[in-house]
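Subject: Structure handover

Hello,

Here is the structure for your files. My notes on it follow below.

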Amino acid sequence: MTVSDPVVEAVVATIGRSATEIRQGLIGRRGTVDEENPSGETQAEADVWADDLLGDRLVGIDGVGQYASEERAEVVDCGADPAESDAYAVAVDPLDGSSNLKSNNTMGTIFGVYDAALPARGETLVAAGFVLYGPITTMLIATEETVTEYELSGGERTIVDRDVTLPDEPVVYGFGGRVPDWPDDFHAYAREIEDELKLRYGGALIGDVNQVLTYGGTFGYPALESRPEGKLRLQFEGNPIGYVVERAGGRSSNGDRSLLAVEPDGLHDRTPVHVGNDELIERLEAALA
Ligand code: AFP
């Protein structure tokens, strides 16, 4: 099954085809480079390499007007301003969870296709999704119509679930940040959830969110005492993941409102991120109010 919008289809086909290559290219690229990304984090060799590979391919697609990546300070202008034309802007986290490379744990590639110039509100997304480099490589694509899961092999994508829907009964949770760094109100909410659900936390947003999509539950990286703005990036992580989970029947929140309704100030803005079953996100927002 292809996506009905031809530009979105070209973007997801390019990312899907590149995923097998990215996975293979991780071998021998588990070290760090002597650089920091625009969010001040040490870059893995693989971060830089995957960004170059995806950037080179995505900027060449007709109908892509901007390319932005968590690994680059500025938006790349591809010749058409999404604010003044039909062109889309593509935002990518080329290797989300790349610090898991050292311990050989799960990682992902996240993408969002915005019908607006970046930085943009998540409400302007027309598609978003991710590749998950787990024991097998899978890809989830959310559009206005549906959320579909594929298995990727040798550049081909094969549907495994045409209509990914968050299960009604929540089972798992994963919360980021050190417990002593959690604000009291989040701490009290987390204590309740710990009594009700089973802990699953792997340190890569995509792996942890995919468990929530599979079993039901919630993932949160809250505002911290030391970092009230949160850790995750709105354009590259919060918005695409919020879009996927909302399209799959769940909710997203920055602690106060849907992630998709948050007005960005800058390309590399951070945000608290909470996604999951409706009832859990409602309780979270009530706890933080
Ligand atoms: P890296 O890409 O630096 O590994 O960060 C991963 C991440 O942005 C996101 O994927 C995780 O949910 C979160 O950070 C994990 O953060 P902690 O290491 O603080 O648990």
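How many Å separate the centres of domain 1 and domain 2, taken over C-alpha atoms? The figure is 21 Å. Please keep in mind that this is a predicted model.

Domains

The domain assignment of the protein chain gives residues 6–161 as domain 1 and residues 172–288 as domain 2. Domain 1 puts 42 residues into the contact with its partner, and domain 2 puts in 31 residues.

Nonpolar cores

The largest nonpolar core has 48 residues. Within this core, the residues with the most contacts are Leu-118, Phe-130, Phe-175, Val-209, Leu-213, Phe-219 and Ile-241. Both domains contribute to this core, with at least three residues each from domain 1 (6–161) and domain 2 (172–288). A second core, of 33 residues, is separate, and Val-7, Val-64, Val-131 and Ile-141 are among its members.

Helix α5 and Ile-241

Helix α5 spans residues 234–247 and is mostly covered, with twelve of its 14 residues buried. Apart from neighbours within four places in sequence, Ile-241 is in contact with Ile-110, Phe-130, Leu-205, Ile-206, Val-209 and Val-275. After α5 comes Gly-249, which has a positive phi, near 100°.

Helices α1 and α2

What angle do the axes of α1 (residues 6–25) and α2 (residues 45–58) make where they cross? They cross at roughly 155° and come within 10 Å of each other. Angles over 145 degrees count as roughly antiparallel, so α1 is roughly antiparallel to α2. The crossing of the two helices is right-handed. On the α1 side, the contact is made by Val-11, Thr-14, Ile-15, Ser-18, Glu-21, Ile-22 and Gly-25. On the α2 side, Trp-49, Ala-50, Leu-53, Leu-54, Arg-57 and Leu-58 take part.

Gly-174

Gly-174 lies in strand β11, residues 172–175. Is this residue buried or exposed? Gly-174 counts as buried because its relative accessibility is 1%, and the cut-off for buried is under 20%. Leaving aside neighbours within four places in sequence, Gly-174 is in contact with Leu-199, Arg-200 and Tyr-201, and with Thr-218, Phe-219 and Gly-220. Asp-62 is 112 residues away from Gly-174 along the chain, and 39 Å separate their C-alpha atoms.

Regards

Methods: Residues numbered from 1 in each chain as written. Predicted model: local features only at pLDDT ≥ 70, side-chain atom pairs only at ≥ 80, totals over all residues. Heavy atoms only, no water. Core = buried A, V, L, I, M, F, W, Y, C linked by side-chain atoms within 4.5 Å. Buried < 20%, exposed > 50% of the residue type's maximum accessible area, 1.4 Å probe, protein only. Domains from an automatic or database assignment. Contact = heavy atoms within 4.5 Å. Axes fitted to C-alpha atoms, helices over the stretch in contact; angles between N-to-C directions. Helix = DSSP H or I, 4+ residues; strand = E, 2+ residues; numbered from the N terminus. Parallel < 35°, antiparallel > 145°, perpendicular 65-115°, else oblique. Left-handed = near helix turned anticlockwise from the far one by under 90°.
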